Amino acid sequence: MQIRYLGHSAFEITDGKTVVLVDPFLTGNPKAAVTADELEATDILITHGHEDHVGDAVAISKRTGAPVTSMTEVARELGEEGIEFHDPNLGGTVTYDWGTVKLVPAWHTSTTAKGTVNTPSGLLITIGGVTVYHLGDTALFSDMALVGRRTPIDVALICIGGHYTMDRHDAAVAAGLIGAATVIPCHYNTFPPIETDVMAFKSDVEADTASEVVVLDPGETYSR
Ligand code: NI
Ligand code: MN
């Protein structure tokens, strides 16, 4: 199983056969590791309707045929573009031939570019026997601990940039609540308001929790 960081909140997760893209914001992303045209996809997952998360999902879906999975309101709006979609809601699980995706809560707001209000989510992605928790955009909240207790997390993809989400200090507490074996930080340093000290986050988490923090530069891959 490999996780490639594409910049901002975007990741490519693959078991060697299946390629899952999460929040593929590449066009207009100053930290994008690739262009949207360079990506293949089996499925596209979107945490919420903000443009820095929906990104190039429609173009990639149209080119590759990969369906989009997201919160009902987001999925149905994107479906109006003529692409295939899965439209779960919080607590719901979608089963694919390669694994599952469950929508879990995230504390944030969201409106799409077209003005559709939608509830943001985190994503629990199980692929190749590995469970990845992409927190989406969120503040710190105590029920993150329940997510980790209900489903042991192998890898947590955690926003740390502050301003639009929790900052690195709250994110370090989040890492303690979730208890993932591995934490990969994201949603930082893309734009000035979300600049932060990622190495300080790493040392805080590794001092206070049992989690290992893997800092990926855009384009780098973590394997397990
Ligand atoms: Ni957002
Ligand atoms: Mn965001």
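How many salt bridges does the structure hold? It holds eight, a salt bridge being a side-chain nitrogen of Lys or Arg within 4 Å of a carboxyl oxygen of Asp or Glu. This is a predicted model, in which local features need pLDDT of at least 70 and side-chain atom pairs count only at pLDDT 80 or more, while totals for chains, interfaces and linings use all residues. Residues are numbered from 1 along each chain as its sequence is written, chains are lettered from A and ligands numbered from 1 in the order in which they are written, and side-chain values use heavy atoms, with hydrogens and water left out.

**Metal site**

- The manganese ion (ligand 2) has four protein donors listed by atom: Asp52 (OD), His53 (NE2), Asp137 (OD) and His187 (NE2), at 2.2 to 2.3 Å.
- Donors are N, O and S atoms within 2.8 Å of the metal (3.2 Å for Na, K and Ca); water is not among the atoms, so sites may look incomplete.
- Along the chain, the donors of this manganese ion follow the spacing D-H-x83-D-x49-H.
- A nickel ion (ligand 1) is 3.3 Å from the manganese ion (ligand 2), and Asp137 coordinates both.
- His53 lies in helix 1 and His187 in the loop between strand 12 (182-186) and helix 6 (198-208), so the pair ties together parts that are 134 residues apart in sequence.
- Helices (H or I, at least four residues) and strands (E, at least two) are DSSP runs, numbered from the N terminus.
- Both His53 and His187 are buried, where buried means under 20% relative accessible area, exposed over 50%, and partly exposed in between (1.4 Å probe, protein chains only).

**Asp56**

- Asp56 is in the loop between helix 1 and helix 2.
- Although Asp56 is buried, it has no salt bridge, and the nearest side chain of opposite charge, Arg63, is 9.0 Å away.
- For charge, Lys and Arg count as positive and Asp and Glu as negative; His and the chain ends are not counted.
- Its side chain does make a polar contact with the side chain of Thr27 (2.7 Å).
- A polar contact is a pair of N or O atoms within 3.5 Å; within protein, one must be able to donate a hydrogen and the other to accept it, and residues adjacent in sequence count only if both atoms are side-chain atoms.
- Not counting residues up to four places away in sequence, Asp56 touches Pro24, Phe25, Leu26, Thr27 and Ala36, contact meaning heavy atoms within 4.5 Å.

- Ser61 is found in helix 2 and is buried, with a relative accessible area of 4%.
- Leaving aside neighbours within four places in sequence, Ser61 is in contact with Ile44, Ala66, Val68 and Ile83.
- In helix 3 (residues 72-79), six of the eight residues are buried; they are Thr72, Val74, Ala75, Glu77, Leu78 and Gly79.
- The cover over these buried residues includes strand 4 (43-46), helix 1 (51-54), helix 2 (57-64), strand 5 (68-70) and strand 6 (85-86).

**Nonpolar cores**

- The largest nonpolar core has 26 residues, and Ile3, Ile13, Leu45, Val101, Ile125, Val132 and Ile184 touch the most other members.
- A nonpolar core is a set of buried Ala, Val, Leu, Ile, Met, Phe, Trp, Tyr and Cys residues joined through side-chain atoms within 4.5 Å.
- The largest share of this core, three residues, comes from strand 9.
- A second, separate core of 25 residues includes Leu124, Ala171, Ala174 and Phe201.

**Salt bridges**

- Glu40 and Arg63 form a salt bridge, with the closest N and O atoms 3.6 Å apart.
- This pair links distant parts of the chain, as Glu40 is in the loop between strand 3 and strand 4 and Arg63 is in helix 2, 23 residues apart.
- Arg63 is partly exposed, at 38% relative accessibility.
- In the salt bridge between Asp154 and Arg224, the closest N and O atoms are 3.9 Å apart.
- Asp154 lies in the loop between helix 4 (144-150) and strand 11 and Arg224 in the segment after strand 14 (221-223), so this pair ties together parts that are 70 residues apart in sequence.
- Lys202 pairs with Glu206 in a salt bridge whose closest N and O atoms are 3.0 Å apart.
- Lys202 and Glu206 are separated by about one helical turn because they are four residues apart in helix 6.
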